[in-house]
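This explanation leads the reader through one structure step by step. Please keep the sequence and the three-dimensional view at hand while reading.

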Amino acid sequence: MMTTVQTAIFCDFDGTVARRDVGYSLFHHFSSGRNDELIPDWKAGRLSTRNCLLQEAAMVNTTEEEIYCFLDQFELDKGFPSFVNLCQAHNIDLLIVSDGLDFYIKYLLRRNNLGHLHVIANSGRVENDRVIIEFPYRNRTCRKCGSCKGERIREYRNNHPQEVRSIFIGDGYSDACAADEADVIFAKKDLEKYCTVHDIDFYRYNDFYDVARQIVELGYVISDKLARSNGADL
Ligand SMILES: [Mg+2]
Ligand SMILES: [Zn+2]
């Protein structure tokens with residue numbers, strides 16, 4: 001009997017798909033750096049992501065136009081578009097899971113012709129020069145995250161009758177719950193530290209070319225031809 005395994009890749013956005021942390025930079029810029037006073041408490045787990053985001057948003061008073069103009073400077077990982085194609089060609093589900101805000105994620109994806117990707121994030125919009133934040137995703141047990149990536153992975157698994165192989169790619173502390181949950185982890189920066197401290201196995205990566213190479217090596221995709229034809233230097 002053949003058993004099918006559905007491979008699902010969950011990708012962090014800030015600092016992972018986008019080379020820099022867009023959410024942090026946005027609030028840093030439009031709060032004139034005042035959001036920095038929140039970060040130590042957030043990193044130490046004393047301040048929840050929801051409270052942190054709401055306090056950061058309260059520091060911003062600027063036009064929608066200025067915000068989108070600011071967003072135009074951010075670039076995606078150069079290997080990401082070909083990585084998307086590689087997943088598509090192999091029937092791998094690719095989901096963006098972020099504890100940032102959907103409006104800048106969708107804007108930057110659209111600008112890179114990737115507007116079709118599924119995004120699971122907190123909801124944000126600019127209204128009357130204010131950033132309005134809502135939390136459409138409910139967390140059953142996690143009190144730390146806005147939208148808990150670990151719980152989103154668990155929900156995906158519960159919604160799929162076949163066996164699921166979950167792969168998570170991330171770079172920061174907001175990825176901790178996902179690292180506890182996923183079968184295979186790709187980590188850099190703060191997530192690499194977290195995995196090391198908590199004795200979680202992971203693959204180190206710098207960009208999506210590295211991730212593509214590794215999942216080919218692991219046999220999760222059967223051929224790297226497509227990625228190569230799209231300019232990935234595999
Ligand atoms: Mg990140
Ligand atoms: Zn969580």
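**Helix packing and a zinc site**

In this predicted model, the axes of helix H1 and helix H4 (residues 64–71) cross at roughly 130° and come within 11 Å. Angles over 145 degrees would count as roughly antiparallel and those from 65 to 115 as roughly perpendicular, so H1 is described as oblique to H4. The crossing of H1 past H4 is right-handed. On the H1 side, the contact is formed by Val22, Ser25, Leu26, His29 and Phe30, and on the H4 side by Glu66, Ile67, Phe70 and Leu71. Sorted by class, the residues of this contact of H1 with H4 comprise six nonpolar, two polar and one charged.

Helix H1 (residues 22–30) also packs against helix H6 (residues 102–111), at an angle of about 115° and with the two axes 10 Å apart. Here too the crossing is described by its hand: H1 passes H6 in a right-handed crossing. Which residues of H1 and H6 meet? Val22, Gly23 and Leu26 in H1 are in contact with Phe103, Tyr104 and Leu108 in H6. This contact of H1 with H6 contains five nonpolar residues, one polar residue and no charged ones.

Attention may now turn to another pair of helices. Helix H5 (residues 80–89) packs with helix H10 (residues 208–217) at an angle of about 25°, and their axes lie 8 Å apart. Because an angle under 35 degrees counts as roughly parallel, H5 is roughly parallel to H10. The crossing of H5 and H10 is left-handed. From H5, the residues Phe80, Ser82, Phe83 and Leu86 meet Phe208, Tyr209, Val211, Ala212 and Ile215 from H10. By class, eight residues in the contact of H5 with H10 are nonpolar, one is polar and none is charged.

The last topic is a metal site. Which protein atoms are the donors of the zinc ion (ligand 2)? They are the SG atoms of Cys142, Cys145, Cys148 and Cys177, which lie 2.3 to 2.4 Å from the zinc ion. The angles among the four donor atoms are 99 to 119°, and the site is tetrahedral. Along the chain, the donors follow the spacing C-x2-C-x2-C-x28-C. Cysteine 142 lies in the loop between strand E4 (130–134) and helix H7 (149–159), while cysteine 177 lies in helix H8 (residues 176–181), so this pair ties together parts that are 35 residues apart in sequence.

Notes: Residues numbered from 1 in each chain as written. Chains lettered and ligands numbered in written order. Predicted model: local features only at pLDDT ≥ 70, side-chain atom pairs only at ≥ 80, totals over all residues. Heavy atoms only, no water. Axes fitted to C-alpha atoms, helices over the stretch in contact; angles between N-to-C directions. Helix = DSSP H or I, 4+ residues; strand = E, 2+ residues; numbered from the N terminus. Left-handed = near helix turned anticlockwise from the far one by under 90°. Contact = heavy atoms within 4.5 Å. Nonpolar A, V, L, I, M, F, W, Y, C, P; charged D, E, K, R; others polar. Donors = N, O, S within 2.8 Å, 3.2 Å for Na, K, Ca; no water. Tetrahedral: all angles 85-135°; square planar, octahedral: opposite > 155°, others 65-115°.
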